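Dear colleague,

Please find the structure below, followed by an account of what was found in it.

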Amino acid sequence: MRIDNLFADAAPPAEGERFEALLTHKNLTIERILSSARIESTQYVQPQDEWVALLQGEAELDVDGETVSLRAGDHLFLPAGTPHTVLRVAEGSLWLAVHLH
């Protein structure tokens with residue numbers, strides 16, 4: 001049995017975001033996302049459902065035309081096909097994303 005820690009090696013990249021798959025099993029993928037404050041706003045429209053939790057930091061997203069502000073502890077469900085863009089994120093923000101394929 002291997003035990004890891006979500007907060008270990010959690011320094012953000014110099015710019016952009018770092019995505020790390022923590023678990024892939026059957027139709028489920030869990031990933032950790034580490035964010036720099038220097039991100040490129042990219043719109044995502046994914047074929048799978050996604051549940052995302054912001055564990056550390058703050059962020060502002062555009063979710064299908066609506067501005068959503070998140071702070072540590074907030075979580076959000078994004079149904080498949082929902083356009084979403086991270087507009088602003090605090091340096092060192094840490095996310096947990098669960099993808100349901």
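**The pockets**

Lining the largest pocket are 14 residues, and those nearest its centre are Phe19, Ile33, Tyr44, Glu50 and His84. The model is a predicted one, in which local features need pLDDT of at least 70 and side-chain atom pairs count only at pLDDT 80 or more, while totals for chains, interfaces and linings use all residues. Residues are numbered from 1 along each chain as its sequence is written, and side-chain values use heavy atoms, with hydrogens and water left out.

A pocket here is an open set of points on a 1 Å grid over the protein atoms alone where a 1.4 Å probe fits, with protein on both sides within 12 Å along at least five of seven lines; its lining residues have an atom within 4 Å of a point. The largest pocket has a volume of about 210 Å³, a volume being the space filled by probe spheres set on the points, which are joined across faces, edges and corners. Its lining comprises 8 nonpolar, 3 polar and 3 charged residues (nonpolar: Ala, Val, Leu, Ile, Met, Phe, Trp, Tyr, Cys and Pro; charged: Asp, Glu, Lys and Arg; polar: the others, Gly among them). Strands β1, β2, β4 (49-56), β8 (84-89) and β9 each supply at least two of the lining residues; strands are DSSP runs of E, at least two residues long, numbered from the N terminus.

The second largest pocket holds about 170 Å³ of space. Its lining has 3 nonpolar, 1 polar and 5 charged residues, among them Arg2, Asp4, Glu20 and Arg32.

**The sheet**

An open sheet is formed by 5 strands in the order β1-β2-β9-β4-β7, with antiparallel pairing; two strands pair if DSSP finds at least two bridges between them. Because β1 (17-25) and β7 (75-78) stand at the edges with a single partner strand each, one side of each is left without a neighbour in the sheet.

Within this sheet, β2 (residues 28-35) pairs with β9 (residues 93-100) over 8 bridges, and Ile33 stands opposite Trp95 in β9. Ser35, also in β2, counts as buried because its relative accessibility is 0% (buried means under 20%, with a 1.4 Å probe and protein chains only). The side chain of Ser35 makes a polar contact of 2.9 Å with the side chain of Trp95 (a pair of N or O atoms within 3.5 Å, one able to donate a hydrogen and the other to accept it; residues adjacent in sequence count only if both atoms are side-chain atoms).

**Strand β5**

Antiparallel to β5 (residues 58-63) run β6 (residues 66-71), joined to it by 6 bridges, and β8, joined by 5 bridges. Val63 has Glu66 as its bridge partner in β6 and stands opposite His84 in β8.

With kind regards

Technical notes
Helices (H or I, at least four residues) and strands (E, at least two) are DSSP runs, numbered from the N terminus. Buried means under 20% relative accessible area, exposed over 50%, partly exposed in between (1.4 Å probe, protein chains only).
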